[in-house]
Amino acid sequence: MDFKLSKAHLLQQELYRRFAENEIRPLAREMDETEQYNMELLAKMQKYGFFGIPYSREYGGAGADYLSYALCMEEISKQDASSGITISVHTSLCCSCINDFGTEEQKRKYLTPLINGSKIGCYGLTEPNAGSDAAGQQTVAVRDGDDYIITGSKVFTTNSGFADTFVMFALTDRALGTKSMTAFIVERDMPGLTVSADIPRMGIRAASNCVVTYDHVRVPAANVLGKEGQGFKIAMKALDGGRIGIAAQSVGIAQGALNEAIKYVKERKQFGRPIAAFQNTQFKLAEMQTKIDAARLMTWRAAVAKDNHENYSVYAAMAKLTASEVANEVTRGCVQLLGGYGFTREYPVERMMRDAKITEIYEGTSEVMKIVISGSMKLK
Amino acid sequence: MSKDIFVAIEQRAGMVQKVSIELLGEARRLAAELNEQVVAVLMGSGVAGLSDMLCHYGADKVLVVDHPVLEHYTTEPYAKAMTHVIHTYDPDIVLFGATSIGRDLAPRVAGRVHTGLTADCTSLAIEEESKLLLMTRPAFGGNIMATIVCKDYRPQMATVRPGVMPLPEKDESRTGEVELVDAGLSMSDMNVEILEINRNEKKSVDITEAKILVSGGRGVGGPEGYQPLRELADVLGGEVSASRVAVDSGWIEKDRQVGQTGKTVRPNLYIACGISGAIQHQAGMEGSEYIVAINLDEGAPMMKLADLGVVGDLSVIVPKLTEAIKAYRAKQAV
Amino acid sequence: MKIVVCIKQVPDTAEVRLDPKTNTLIRDGVPSIINHDDKTGLEAALRIREQVGGSVTVVCMGPPQADVALREALAMGCDEAVLVSGREFGGSDTYATATILGATLRKIGFDLVITGRQAIDGDTAQVGPQIAEQLGIPQVSYAEGVEVQGDSLVVKRQFEDQYHLLKVKTPCLITALSELAEPRYMSVGGIVDAYNKEVKILGFDDLKDDLNPAWIGLAGSPTNVRQSFTKQAKTSGTVLSGLSADEAVDAIMAKLIERHII
């Protein structure tokens, strides 16, 4: 067992770190306050291959792996969690469905532009009345000749404000429930697809997150991913991988906040010395760094297992459960260390604390993670 | 045997550059220790008239290489001329200004005559026993100083930072020998073609000439933060300068940057406003005669360097200081 | 056009700190980076290749650890990488370094050589011109703009108070200022490729027929470091804290008057 990153991984980490510090950090606060993602920044990340990291060269990807993707998510999210989720939903939810279940033709037509940096993807599963209970889906797809007619609505679809390609799920037979759930690739400009304004949120406010309404959208049968009725499996598999991304995002948020706190406690003087000189501060920081490192190792274990084609879904769930809790605890602790300044928008830690909350919720809540983990423990 | 100290005189459009005069002064000082002569090497086209002035500033002898191909600086004709002079006269030491011309020409010449060259020196001395030239220069961004020697090759060559050596007094009674040198140049020595010469339209300020500098760093906060500094500089009859952070942030022009990658200044008064004082910055201003630092951070390295450090908010203090000086002057005038 | 860019791996001097107790440099944990001016040179070379075709070879003289600098250059898009490394090369000054790199360049061939203006650790700006001298080709240093015209380059050459537009025929050498081009980042795919490529290593035996062994390394360097030292901090002046703004102004005024500055 070797806990060292390879040279290529280290160099990637360096790339993501430099890019995030130079390009994302200066924009993060403004993007949060305006609740607008900077599209020039998005284009830059596309240009350097951040939107196709674990995908094959054959289709235009970078040809790296999930561990690389986790490194990217961490470094990017250290500066801005909204940038992290924008990459993550595209990569591990939208693209993975097409990569894992698409036909050769679908890959050429849809995966290639997504991973070579030309187009952005999103993933529509959650509905107003079907969150953790994905089986409560109501969106339907009715076969009509060579097409399906899709009707329904999806909520909290990240990236939907500017995405080109929508991987979404609909029931072909409501009576059969999830057994009939089917995955479709829908293009933004297909008539009947409308995207709402952004949903006002507490955190990751720069990310795009909207309601997507499908009003009799006619989609060719050639755009079905996998087979009819395979949708639930496709959706869940994507979420397994996505959780590695969210775990890495959480580690990044936590480490980013801790780095800010470390900088602050060295400069801030109270009672005649830097507050870093107080053992209470030192112990607090030590505890936080230890927890972050534990979460990071769990995240890397899940990523490496996925890269090795081992069963990783429980690892991913454990990593996400732990890392998201660590992100919340650490960001809260960092705001506390910065005191009154931590509460102001002059410092980024309040944003990080707000951003951290969603990591315990999306791509499976902490409670759902516990279902996945306990389900593997042969308790019944 | 190699002897005498040669100074490559840099002239641009017939104007001798200040650094060359500084070098004549330094060469005089070194020559006294070695009991050698100071020889100015003047290269250009129609420049022989500058020779007397070089003698007034300390040259015992002026070697003039005058040729139309030397009208504007290009590397090869100048390198050829200088190499010819070195091969013909066998100097002990050759000094160049560490300007964009000196730093282009000197390495080319040192390579051609196969000798050592020390870049960007800030101090020169003669080692007593060996009579070697001790060339001291900053390295690692000014974090350390290194003293370099060139033992086995001649001449010993160095480029010297502008603004570091004091300007010598002009002595119009001094005279010297002027010798025209035929370096065998021809127009075909030019291996580049000058398509256009563009003198910068905005007159570049020379902060190295200023007696008083009001300098702003990160603490100034932005481009608008320089206005009060400018007003203070105006009442003091000085110039505004800046640290690297401020220049890199685009708050102020690069030609006002003080420090390792900027300019070396030694004004009578340096007021450092909101400059923490990284070593790289100190390298460019520590020769200032009197340093005042205004900074919110008492622990800033600049506070240690300063003769007078004031902990406080520059945005309040600087305008008040400007007013106080005006009021003082008004009172004096009555 | 075959473009060769010479780069140097340097400690990030912005990160170098002095040990307050011993007054020596703390170099542990200081990251090594590609010298910034050299990276600008890489970018300029890649843009020229994109414009007129050809190839970009990156050359770095240094210890085996400089491999990562070459991988980074490959990941930015360079075609080939050469590491010039050997015990015999250690301790070289600028003349000796140029001798070694000159031999390297003759061996691998070039139409255009680009170096950075200067490295942030040594700040000499001498190696570029001295390589050109070794190769007997024209140099244009302080380049802040470059354009290819057939087999010539038009280079905007910066001086302190002016610039010249110079036309120079290849083969030639230019030294890049940071104004020349904003370097791109590595790409993710570029990093993957970089570690699938071979970095060619040239040692003393590969170059010895084309250089004088007496002119390289510490022994062959015309200049030697006699001593290095850190500057002594000047004795502290007065630091006044806890003053009101008016008191602070009075304190400064008193000194300005005392010193006859006003």
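How far apart are the nearest C-alpha atoms of chain A and chain B, which do not touch? In this predicted model, the nearest C-alpha atoms of these two chains are 9 Å apart. Two pairs of chains do touch, and the most contacts among them are between chains B and C.

**Chains B and C**

- The contact between these chains involves 67 residues of chain B and 66 residues of chain C.
- On the side of chain C that touches chain B, two or more residues come from each of the helices α3 (94–108), α4 (127–135) and α8 (245–258) of chain C.
- The strands of chain C that likewise give two or more residues to this side are β9 (139–149), β10 (152–158), β11 (162–169), β14 (224–229) and β15 (238–240).
- With eight residues, α8(C) gives the most to this side of chain C.
- By residue class, the side of chain C that touches chain B comprises 32 nonpolar, 21 polar and 13 charged residues.

- Three bridges link β15(C) with strand β18 (residues 308–311) of chain B, and the two strands pair in the parallel sense.
- Within this topic, B:L308 is the residue that stands opposite C:T238 in β15(C).

**Chains A and C**

- Chain A gives 14 residues to its contact with chain C, and chain C gives twelve residues.
- On the side of chain A that touches chain C, nine residues are nonpolar, three are polar and two are charged.

**The seven-stranded sheet of chain B**

- Chain B contains an open sheet of seven strands with parallel pairing, in the order β7-β11-β6-β1-β4-β5-β12.
- Its edge strands are β7 (117–121) and β12 (177–180) of chain B, each of which pairs on one side only.
- From one strand to the next, the twist averages 20°.
- Within the sheet, strand β1 (residues 5–9) and strand β4 (residues 38–44) of chain B run parallel and are joined by five bridges.
- B:I9 has B:L42 in β4(B) as its bridge partner.

**A helix on the sheet**

- Helix α3 (residues 75–89) of chain B packs on this sheet.
- The strands that α3 of chain B touches are β1, β4, β5 (61–66) and β6 (93–97) of chain B.
- The direction of this helix makes about 150° with that of β4(B).

Conventions. Residues numbered from 1 in each chain as written. Chains lettered and ligands numbered in written order. Predicted model: local features only at pLDDT ≥ 70, side-chain atom pairs only at ≥ 80, totals over all residues. Pairing = 2+ DSSP bridges. Helix = DSSP H or I, 4+ residues; strand = E, 2+ residues; numbered from the N terminus. Axes fitted to C-alpha atoms, helices over the stretch in contact; angles between N-to-C directions. Contact = placed C-beta atoms within 7 Å. Nonpolar A, V, L, I, M, F, W, Y, C, P; charged D, E, K, R; others polar.
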